[in-house]
Amino acid sequence: MVTDNAINYKAAGKLLHAKYPGIYWSPCSDHVINLTLEDVGKMDLVQECVVLGSRITTFVYNHKWPLAWLRQRDGWTEIVTPGATRFGTNFIALKSLYDHKEHLEAMVICHDYKKFLKTEKGRVVKDTVLNQRFWNNCLIIVKIMEPLMRLLRICDTNEKPLLGYVYEGLSRSIRGTKEIFKNQESKYKPFVDIISKRWDKMLRKRLHAAAYWLNPKFQYDPKNSLHNEPEAYKGLLGIIQDLHPDTPGIMHEVTMFQEGKKCFGILLAKKEAKTTTPDEWWRLFGVDAPHLQNLAIRILSQT
């Protein structure tokens with residue numbers, strides 16, 4: 001059961017689950033991710049980059065010569081501008097601006113740009129465009145937000161079930177942030193704290209953890225850190241305890257899936273795990289584990 005994040009809905013979800021263990025409540029993943037983006041967007045570093053980036057874009061599109069000069073350059077595409085209603089658009093705009101870095105640098109050092117140095121806005125734009133610290137900060141923000149933006153795109157589409165991707169997307173975002181700052185806690189902590197706070201409060205539920213563990217795309221990816229995250233396995237055990245406490249053989253089926261035996265181990269199954277939706281994959285290759293197959297399809301078909 002998916003609702004918005006209001007306290008009364010959360011309380012109702014807990015009451016329903018207590019009475020009917022097969023019913024699980026979860027807040028809307030799309031909304032939670034947008035709230036996370038909003039929180040990150042309030043950080044001083046992010047606000048500074050967004051404001052400076054917006055000044056550059058506004059200057060370019062409010063003056064005929066800069067825009068005409070840029071549009072004549074090979075490989076030029078239009079700069080994305082932030083939207084008023086979606087918090088993620090600020091990060092999309094920063095990514096777009098960073099992609100135009102070389103064009104903008106060429107513009108402000110061009111001889112014909114000198115006439116704009118007579119104005120304060122023209123000087124500010126040149127100083128910002130030639131400020132490497134500004135671009136470095138933009139790149140850091142874009143890299144940190146990339147996993148969340150990718151997850152948001154998955155959540156925004158109705159083309160495939162998303163439950164099996166939420167846990168991994170948030171976990172990857174935190175790991176990636178730490179890697180960007182080379183595990184220097186003083187640098188990554190402000191970002192990680194914001195992401196973790198929203199995750200822990202709203203989405204770090206065993207339903208999402210179990211969906212992550214049952215997703216063959218991650219279970220059979222040697223580069224994935226799933227096996228180092230016991231929380232995911234504990235989430236699956238909790239679901240089994242709620243829904244199949246007396247089902248004989250289901251734990252044997254769990255081991256079979258984890259070790260890639262029988263139908264789970266054929267080459268076609270491993271290949272299709274990369275491209276087929278998780279629920280459909282279980283329909284195709286879960287025949288040797290009927291109890292776990294039924295549970296996996298039930299969980300992974302959720303949108």
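Begin by selecting Phe116 in this predicted model: its relative accessibility is 12%, under the 20% cut-off, and Phe116 therefore counts as buried. With both side chains displayed, the ring centres lie 5.4 Å apart and the planes stand at 35°, so the pair is tilted.

Next, select Tyr167 and Tyr212, an aromatic pair that is stacked, with 4.9 Å from centre to centre and 20° between the planes. Tyr167 belongs to helix α9 (residues 163-180) and Tyr212 to helix α11 (residues 206-214), so this pair ties together parts that lie 45 residues apart in sequence. Both Tyr167 and Tyr212 are buried. A search of the whole structure gives 23 aromatic pairs.

For a cluster of rings, select Trp213, Tyr220, Tyr233, Phe257, Phe264, Trp281, Trp282 and Phe285, which together form one aromatic cluster.

To display the contact, select Phe59, Val60, Tyr61 and Asn62 on α3, together with Lys64, Pro66, Leu67, Leu70 and Arg71 on α4. These contact residues comprise six nonpolar, one polar and two charged.

Finish at helix α6 (residues 101-108), which is mostly covered, six of its eight residues being buried. Select Lys101, His103, Leu104, Glu105, Met107 and Val108 to see the buried residues, which pack against α3, α4, α5 (88-99), α7 (120-129) and α8 (132-156).

Key
Residues are numbered from 1 along each chain as its sequence is written. This is a predicted model: local features need pLDDT of at least 70, side-chain atom pairs count only at pLDDT 80 or more; totals for chains, interfaces and linings use all residues. Side-chain values use heavy atoms; hydrogens and water are left out. Contact means heavy atoms within 4.5 Å. Helices (H or I, at least four residues) and strands (E, at least two) are DSSP runs, numbered from the N terminus. Ala, Val, Leu, Ile, Met, Phe, Trp, Tyr, Cys and Pro count as nonpolar, Asp, Glu, Lys and Arg as charged, and the others, Gly among them, as polar. Buried means under 20% relative accessible area, exposed over 50%, partly exposed in between (1.4 Å probe, protein chains only). Rings of Phe, Tyr and Trp (its six-membered ring) pair if their centres lie within 6.5 Å; planes under 30 degrees apart count as stacked, over 60 as edge-to-face and the rest as tilted.
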